[in-house]
Number of protein chains: 2
Amino acid sequence: MDKVAIGIDIGGTNTVFGVVNKDGKVIAKGEIPTPKKNDINKYISDISKGIKDLLGQLNGYECLGIGIGAPNGNIYKGTIEHATNLPFKGILPFTTMLKENFPECKNVVLTNDANAAAIGEMIYGGAKGMKNFIMITLGTGLGGGVVVNGELVYGNDGFAGELGHITVTAEGRECGCGQFGHLETYCSATGMVRTAFELLSHHNATDSLLATKTFRELTSKDIYEAALQDDPIALAVFEITGDILGHALADYVHIFSPEAIFLFGGPVASGELLFKPTRESMESHLMPVFKNKVKILPSKLKMGTAAIVGASALVAMK
Amino acid sequence: MDKVAIGIDIGGTNTVFGVVNKDGKVIAKGEIPTPKKNDINKYISDISKGIKDLLGQLNGYECLGIGIGAPNGNIYKGTIEHATNLPFKGILPFTTMLKENFPECKNVVLTNDANAAAIGEMIYGGAKGMKNFIMITLGTGLGGGVVVNGELVYGNDGFAGELGHITVTAEGRECGCGQFGHLETYCSATGMVRTAFELLSHHNATDSLLATKTFRELTSKDIYEAALQDDPIALAVFEITGDILGHALADYVHIFSPEAIFLFGGPVASGELLFKPTRESMESHLMPVFKNKVKILPSKLKMGTAAIVGASALVAMK
C-alpha cells in the first residue's frame, strides 16, 4: 500500500492542500480561498472536505499524517498565534480542531511556512543529506528556516528563525512588525519594489521603464523584466538587494556556519541578476575562516507545489 | 572512586588547567604562560606535566577525559586553526598531540572558549535544564555559544557561534577580523574603551575621570569605577554599550527564540549599569511575539575558574 502525506499551506489569500507521495510528488491537489472573516468552523470544515475528496480519489493508501504551513505557526502547540494577515484573532488551536475531522490520523503537525520549506528542502530538495543549512524564502517578507545538527531550530517557544527581522540599518525602513531597518524591508519582493521607488525618486528617473507603474502595481517580476532590458534603475535594484542580502548572509554564516544557504521564492527566478551580487557581497563580508566555503543555491523545490510538499514533509519525516 | 574531568583554557597570555569534580568544583589547578614562540612540542609537554602533577596529588580517581577551550578551536578535528593571538601558525592537531601523553585517556575534546563556557553554564551554571539558550562572553572580543534543542551549535565546520561578528553599523569600527562595524567592536571590554575615547573626543571632556589614562591603559573596570562616581562620560559608555548590545540581542532572539541569554566576563560585574540599558534596548527592539519572554542573566560560573570548569564540562557531559 502506498504511503502518502497531506500538506496544507495557509496563505493570506488562498489555502492550498495536496496529497504527496514518498518521492515528494503532489499526486492530487485542491484549493479554497482563505476566508476574509473569522468563521473558523466553516474554514476547518471546508479544508477537511477538500482533503477527504482528494483521498477518496486514491486506490488504497496509508496516510502518514497532515503537515500544515501557516503564518505564526507554533509547532509545539499546533496553534496559529496572532497572525496579522489572517482573519483569526488571538491563539487558534488549529491542529486540535482539524484532528476532530480526522480521528484516524495521529500525526498532525503545524509550523510556519519557511520552516516547512526548510524541511521540504531537506527531505526532497537540494539539502538532502545536509545537517546544517539555512533556507531563505523571499516573498512579501523574508522568511527563514534553519537546520542545525539535522534538526530545525524552533527555539524555546516555537517562533525561532525570523531571519527577516534582523536589523541591517538601525534607523532604516519601517517594517511590518513595527520595528525599523529589518532585513525584509530591503530583501524581499516587496523590499525590491521599495528600493525601486527610492531609486526613481533619488535619480528623478522619469525615463526608467519602472516609472510607468504605481506603487501598488509594481512587482519584483516587473523589475526583473526591466533589468533584462538593461534599465539602469532595475539593474541597480538587483545590485542593492544582493549587496544587502549578501552582507546579512555573511552575518548568518558567522552565526551558523552552514554548509549551504538556499534561496526560494519569486525573486530567485531572476538567477544571476540576484545571485551574483549576493554571492560577491557575502564573500567580501566573511571572516577569513569562512571564505569560499558556503554555497548560495536556488531551492530545488518547485515554486507551484513547494508549499504543499514542504508542509507534507513535516509528517513524512517522522 | 571519584570521577573527575580535566579542563584546560588556552588564552593569549596564560594557559590554565585544573581538575574538576562532579559538582563543577575545581579541586586542583595550575598555570603556565602561553608561549610567545612556536615551540609546540615543549608547550604540550609542559601542559602534560602540569596535569600529571595535579592528578598525582589525588587519592584514587576515575578521569573522564580532558576538555580544552582555545581560540579558533575546532571540535570536529580537535585542531586550533589560524588563531591570530597564539604563536602557532596554520592548523595545529592539538588533541592528537596531547593524547600521546595520555594514552589511557580516550576522551579529549577541544572547542572555542565561548562554546566551552556555554557547556559549563548548561552543566554547572544557570542554564541547567535549559534546552535553548545563548551564552555571550564579553572580554577582549565578544564570544558566543548557542545551545539549540539541548545541543551546542557548531555548524558545518565547527566554527559557528561567532556572535561578536555580526554587523551593527555597516561602515562602523574596524574589527580585528578585518571587517567593519561588528558587534564586538562596540560591545566588549575593548569596545567600551573605544567608546570612551570616542566620547572624550566628541565632547572634548578634559574634566572626565577617564581623561587621565592612555588608550593602552584604560580598562572597562576603570570605566565602571568612574561611573560609580557619576562621571558623565563613563555613564554614557554604559548607556551606549547597553543600547547596542540590547539591539543585537533582539536580533538574536528573533533568530533563536532562546529561553535566556547569559552574559559572562569582566563588564558583567558592573551589574545594572550594563544590564538595565541592555534589557531596555532589547525589549524595545523585539517583535511583539517575543516581548517580555526572554531573560538576560549574569552567568553563574565563577570568573576565576569558569574557563577551566567550562572546558572540563566538554567531557563531563559525555
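Trainee: What should I know before looking?
Mentor: The model is predicted: local features need pLDDT of at least 70, side-chain atom pairs count only at pLDDT 80 or more, and totals for chains, interfaces and linings use all residues. Residues are numbered from 1 along each chain as its sequence is written, while chains are lettered from A and ligands numbered from 1 in the order in which they are written.

Trainee: How many residues of chain B are in contact with chain A?
Mentor: There are 35, and they meet 34 residues of chain A; contact requires C-beta atoms, placed from the backbone, within 7 Å.

Trainee: Which element gives the largest share of chain B's side?
Mentor: Helix α6 (residues 232-256) of chain B, with five residues. Helices (H or I, at least four residues) and strands (E, at least two) are DSSP runs, numbered from the N terminus.

Trainee: B:Thr241, then: buried or exposed?
Mentor: B:Thr241, which is found in helix α6 of chain B, counts as buried because it has 27 C-beta neighbours inside 10 Å. Buried requires 20 or more other C-beta atoms, placed from the backbone, within 10 Å of the residue's own; exposed means 12 or fewer, and partly exposed lies in between.

Trainee: What does B:Thr241 touch?
Mentor: Leaving out residues up to four places away in sequence, its contacts include B:Tyr186, B:Met192 and B:Leu274.

Trainee: Changing topic, what is the strand order in chain A's open sheet?
Mentor: The five strands run β3-β2-β1-β4-β8, with mixed pairing; strands pair if DSSP finds at least two bridges between them. The edge strands are β3 (26-33) and β8 (108-111) of chain A.

Conventions: Two residues are in contact if their C-beta atoms, placed from the backbone, lie within 7 Å.
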